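Good morning, colleagues. Please bring up the sequence and the model, and I shall then speak about charged side chains and how they pair.

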Amino acid sequence: MRKKGFLLTLVLLLALATALAGCGARETAAPNQSQPATTDGGSGNAGGDKTLVFGRGSDAVGLDPANVTDGESIRVTHQIFDTLVQYNEEDTTVKPALATEWNVSEDGKVWTFKLREGVKFHDGTDFNADAVVFNFQRWMDKNHPYHHGDFEYYGYMFGGFPGIIQKVEKTGPYEVKITLKEPNAPFLQTLAMPAFAIASPAAIKKYGKDFFKNPVGTGPFIFKEWKKDDRIVLERNDNYWGEKAKIKTLIFRVIPDNAARFLELQAGTIDIMDGLNPEDVPNVKNNPDLQLILRPSMNVGYLAMNMDKKPFDNPKVRQAINHAINKQALIDAFYGGLAKPAKNPLPPTLWGYNDEIQDYEYNPEKAKALLAEAGYPNGFKTTLWAMPNPRPYMPQPQQIAQAIAADLAKVGIEAKIVSYEWGTYLEKTKNGEHDMALLGWTGDNGDPDNFLYVLLDKDNAVKGSAGNISFYRSDELHALLIQAQRETDQKKREELYKKAQEIIHRDAPWVPLAHATPPLAARAYVKNYVPHPTGSEPLNKVDVQK
């Protein structure tokens, strides 16, 4: 017997989540109801030898989807692997993928998934219940022989290892049952994240710690080659269970400089690029051979202050820095109008956003007064870390860091700018080696939990794997966020997240900087590219029509 109230609430919760995610949601699959099986494949589009070259600012860190958190890696793994469920083309509504149907128990703790039959991994082995169980056990059990790496996303989303997942069982050749310790409102949407893609157990066993550079999934493209800091080459999977790719070869090229990448696009040596400099947007619009593509905004760029280090353990110092930075000037200078100033960690397009929060206004004199009250009347010296390459939420991080350093200098804070190669930058910030650091986040599943719990809860302030790189640890905030995860009433969840944003604003572990609308540019002959708000999308439907 189902608890109808719970189920109805959960349906409404997910529907509202996607509708308010700024993604143009149109409908929501009800996670508690059986979903119809779809094949969505065999379109007959395979064939030909077309190539699509995607230019980007940085290389992937790794290609094991369970072991990466950066967008450049996820963009590639998204093409090689499938998840049990997946998002709709334009929003975070969930639909079938490797799972064709699912049910949830009356108490919201037991999820049963029926799996798609006849699917093969790229190495020719079978996708089935054994493969799903193997992947979950590898993720959740730190003592599993193939738990090589940090598996950050698993810890972020499920509360550690094993976290809220109590057990995963095979209940038939093509059926699995996942038992949770407690209800988890965003659970189904979380399973659609690329981090929870199902990999070939045989390949994981074959390659061991090197699986990250020998990825094998069931997705529309097969991994062929990776020349570090140069290119990754994928080829169409002609046996794909879903809609087969319209292009035969997909190449991701690394071109670190935005302007150089744009020159290559204009020359036709690449077909599409991200990290477009905002000042080049008019040039794209005025060129009939090019097209501008705007990704729906679901992100935040921020400055994190490491509260494990002095003087950032002092809230007056953090509040002073919030008053010292002129966000609007940053947006005017470096975002080309394609961003809004941020006052919360949540983007305003996401449900649960607290618009009642009054931002710290730009006020250098107030900043100086707060620094004096904190015991720093003459300011102090520190470091400001900046990413080496453009990110969707921060198109020109080095220039933005210079502008922030200039703002800080006006109130007596001397900030030396520090940068590292992208993978090293991520590792060092996760280790808490920085004083202040620029970073950002693009939402993964359309739920506030994916921003607030991952980025600011004390559970994720663990050195070495931190999503919370301000190392902000608030018991008051933690209690609210855990309550929100377990709560199934949409309105109650909204209120909990609004209260959480009040606490975060008061404690000021960050300076929230901007919510960007990331621009991409492509040759006009690139067709059917639909940018997803989560920051990456499968490219099997994209065509090249020269």
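**Salt bridges in the predicted model**

Let me begin with Arg236, which forms a salt bridge with Asp238, the closest N and O atoms lying 2.8 Å apart. Arg236 is buried, at a relative accessible area of 8%, whereas Asp238 counts as partly exposed at 43%.

The chain averages a pLDDT of 91, and 91% of the residues score at least 70. Over residues 1-45, however, pLDDT stays under 50, although the model has 110 contacts beyond four places in sequence for that stretch. Where pLDDT is low, the predicted coordinates should not be read in detail.

The next pair is Arg75 and Glu72, which form a salt bridge with the closest N and O atoms 3.9 Å apart. How many residues separate Arg75 and Glu72 in helix H2? They are 3 residues apart in that helix, which spans residues 71-80, and so about one helical turn lies between them. Arg75 is buried, with a relative accessible area of 5%, and Glu72 is buried as well, at 2%.

Glu72 and Arg75 also belong to a network of salt bridges that links them with Arg56, Asp59, Lys228, Asp274 and Arg391.

Finally, I turn to Glu433 and Lys428, whose side chains meet in a salt bridge at 3.0 Å, N to O. Glu433 counts as partly exposed, at 35% relative accessibility, and Lys428 is partly exposed with a relative accessible area of 21%.

In total, the structure holds 36 salt bridges, and those I have described are among them.

Notes
Residues are numbered from 1 along each chain as its sequence is written. This is a predicted model: local features need pLDDT of at least 70, side-chain atom pairs count only at pLDDT 80 or more; totals for chains, interfaces and linings use all residues. Side-chain values use heavy atoms; hydrogens and water are left out. pLDDT is the predictor's confidence in each residue, from 0 to 100. Contact means heavy atoms within 4.5 Å. A salt bridge is a side-chain nitrogen of Lys or Arg within 4 Å of a carboxyl oxygen of Asp or Glu. Helices (H or I, at least four residues) and strands (E, at least two) are DSSP runs, numbered from the N terminus. Buried means under 20% relative accessible area, exposed over 50%, partly exposed in between (1.4 Å probe, protein chains only).
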